[in-house]
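The following note sets out, point by point, the features that a colleague may wish to examine in this entry.

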Amino acid sequence: MEDIQITQFGAPDAPYSSPDTARIAIIPAPLEYSVCYMKGTEYGPQAILNASSQMELYDEELDCSPIEAGIYTYPLLDYHGLDHAAALALTGNTVRDALARKQIPLTLGGEHSLSAPVIAAVHEHYPDLTVVHIDAHGDLRDTYEGTPLSHASIERRVVDMGIPLLEIGIRSFSPEEAAFLKTEPDVAIVWAYEMAKGTTVIPWERLSQHTYVTIDLDAFDPSEMPAVGTPEPGGLHWYQVLDLFRTICRQSEVVGMDVVELCPMPGQTRADFMAAKLVYKMIGYRLFQ
Ligand SMILES: [Mn+2]
């Protein structure tokens with residue numbers, strides 16, 4: 001798509017990207033195995049890196065430049081020749097490597113199935129972990145299209161790990177998931193239709209000391225974020241998602257993050273820029289809120 005191939009998030013010349021001192025590890029994961037509708041999310045991570053090189057690095061809200069805390073970007077993960085399970089294992093092991101360096105991993109997707117091995121790796125370090133899942137979809141099916149590794153089953157795998165789950169922005173859900181939800185006290189859902197009324201109380205008391213946040217970009221309203229595989233109307237808005245994330249950072253220690261499912265579209269570079277800016281705002285709130 002573009003000729004430029006930015007390798008370090010935020011700056012082509014990467015003055016703050018030493019892997020030895022960075023607080024944040026960006027892991028670009030161009031995973032695409034179980035996508036069902038619009039294809040192309042394998043190009044998401046590179047599009048975010050490219051767009052990130054055009055951002056202002058000063059954050060006027062935080063009155064600082066978060067990049068100065070150090071952001072190291074791993075090389076684009078190479079999934080060539082790997083099956084889905086092996087690709088997921090590589091992704092999880094890369095996150096383990098970042099955690100061993102005492103960095104906070106922030107994985108860029110790529111399809112949402114990558115969150116399962118990543119969360120498993122973070123959970124090894126933080127056994128009390130809670131997951132916050134901001135998405136249009138519940139992703140709670142036991143299997144989808146014959147595989148338990150599907151993007152549509154990612155949060156079911158989290159429940160399998162015994163991790164409490166808070167889902168926000170959900171507006172696409174199946175009867176199977178609805179039946180499952182009724183049996184699972186450790187899963188709470190804040191529905192998008194409730195949020196649209198403006199009266200929702202989000203049960204933040206469910207967060208534990210350590211939290212992992214996964215953001216599927218289809219959580220946003222498609223009018224703001226068109227470049228996703230499965231757009232759903234009635235989504236969340238830019239400042240609404242920023243407020244949610246900042247609140248999470250104030251309630252809990254965010255120890256891992258991902259932003260997934262960007263599916264770059266010709267003529268919609270605004271989506272790539274929005275994803276890059278979201279990642280940078282998350283880093284800023286995480287480190288300086
Ligand atoms: Mn989704």
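Which residues does Thr-211 touch, not counting residues up to four places away in sequence? The first numbered point after the remarks on the model takes up this question.

The model is predicted: local features need pLDDT of at least 70 and side-chain atom pairs pLDDT 80 or more, whereas totals for chains, interfaces and linings use all residues. Residues are numbered from 1 along each chain as its sequence is written, and side-chain values use heavy atoms, with hydrogens and water left out.

1. Thr-211 is found in strand E7; helices (H or I, at least four residues) and strands (E, at least two) are DSSP runs, numbered from the N terminus. Not counting residues up to four places away in sequence, Thr-211 touches Leu-129, Thr-130, Val-132, Ile-248, Ser-252, Glu-253, Val-254, Val-255 and Gly-256, where contact means heavy atoms within 4.5 Å. Thr-211 is buried, with a relative accessible area of 0%. Buried means under 20% relative accessible area, exposed over 50%, and partly exposed in between (1.4 Å probe, protein chains only). The side chain of Thr-211 also makes a polar contact with the side chain of Ser-252, at 2.5 Å. A polar contact is a pair of N or O atoms within 3.5 Å; within protein, one must be able to donate a hydrogen and the other to accept it, and residues adjacent in sequence count only if both atoms are side-chain atoms.

2. The manganese ion has as its protein donors Asp-135 (OD), His-137 (ND1), Asp-216 (OD), Asp-218 (OD) and Asp-218 (OD), lying 2.2 to 2.7 Å from the ion. Donors are N, O and S atoms within 2.8 Å of the metal (3.2 Å for Na, K and Ca); water is not among the atoms, so sites may look incomplete. Along the chain the donors follow the spacing D-x1-H-x78-D-x1-D. Distant parts of the chain are linked here: Asp-135 belongs to the loop between strand E4 (130-134) and helix H4 (154-160), and Asp-216 to strand E7 (residues 210-216), 81 residues apart. Asp-135 is buried, with a relative accessible area of 0%, and Asp-216 is buried at 3%.

3. Helix H1 (residues 44-52) is largely enclosed by the rest of the structure, because nine of its nine residues are buried. These buried residues pack against strand E1 (24-29), strand E2 (71-73), strand E3 (104-109) and helix H8 (269-288). In helix H3 (residues 115-125), the buried residues are Ser-115, Ala-116, Pro-117, Val-118, Ile-119, Ala-121 and Val-122. The buried residues of H3 pack against helix H2 (84-100), E3, E4, H4, E7 and strand E8 (253-260).

4. The largest nonpolar core has 58 residues, of which Phe-9, Ile-168 and Leu-278 touch the most other members. Its largest share, eleven residues, comes from H8. A nonpolar core is a set of buried Ala, Val, Leu, Ile, Met, Phe, Trp, Tyr and Cys residues joined through side-chain atoms within 4.5 Å. Leaving aside neighbours within four places in sequence, Leu-278 is in contact with Ile-215, Leu-217, Phe-220, Trp-238, Val-241, Leu-242 and Val-259. A second, separate core of 35 residues includes Ala-25, Leu-77, Ala-98 and Leu-165.

5. Rings of Phe, Tyr and Trp (its six-membered ring) pair if their centres lie within 6.5 Å; planes under 30 degrees apart count as stacked, over 60 as edge-to-face and the rest as tilted. By this rule there are four aromatic pairs. One of them, Phe-220 with Trp-238, is stacked, at 6.4 Å centre to centre and 25° between the planes. Phe-220 lies in the loop between E7 and helix H7 (238-251) and Trp-238 in helix H7, so the pair ties together parts that are 18 residues apart in sequence. Both Phe-220 and Trp-238 are buried.

6. Arg-270 lies in helix H8 and is partly exposed, with a relative accessible area of 44%. The side chain of Arg-270 reaches the backbone oxygen of Ser-223 at 3.2 Å. Arg-270 and Glu-224 are 46 residues apart in sequence and 8.8 Å apart in space, C-alpha to C-alpha.

7. A cis peptide bond joins Gly-109 and Gly-110, with omega about 10°. Asp-63 has a positive phi near 55° and counts as exposed at 56% relative accessibility. Asp-139 has a positive phi of about 55° although it is not a glycine, but Asp-139 counts as buried at 6% relative accessibility.
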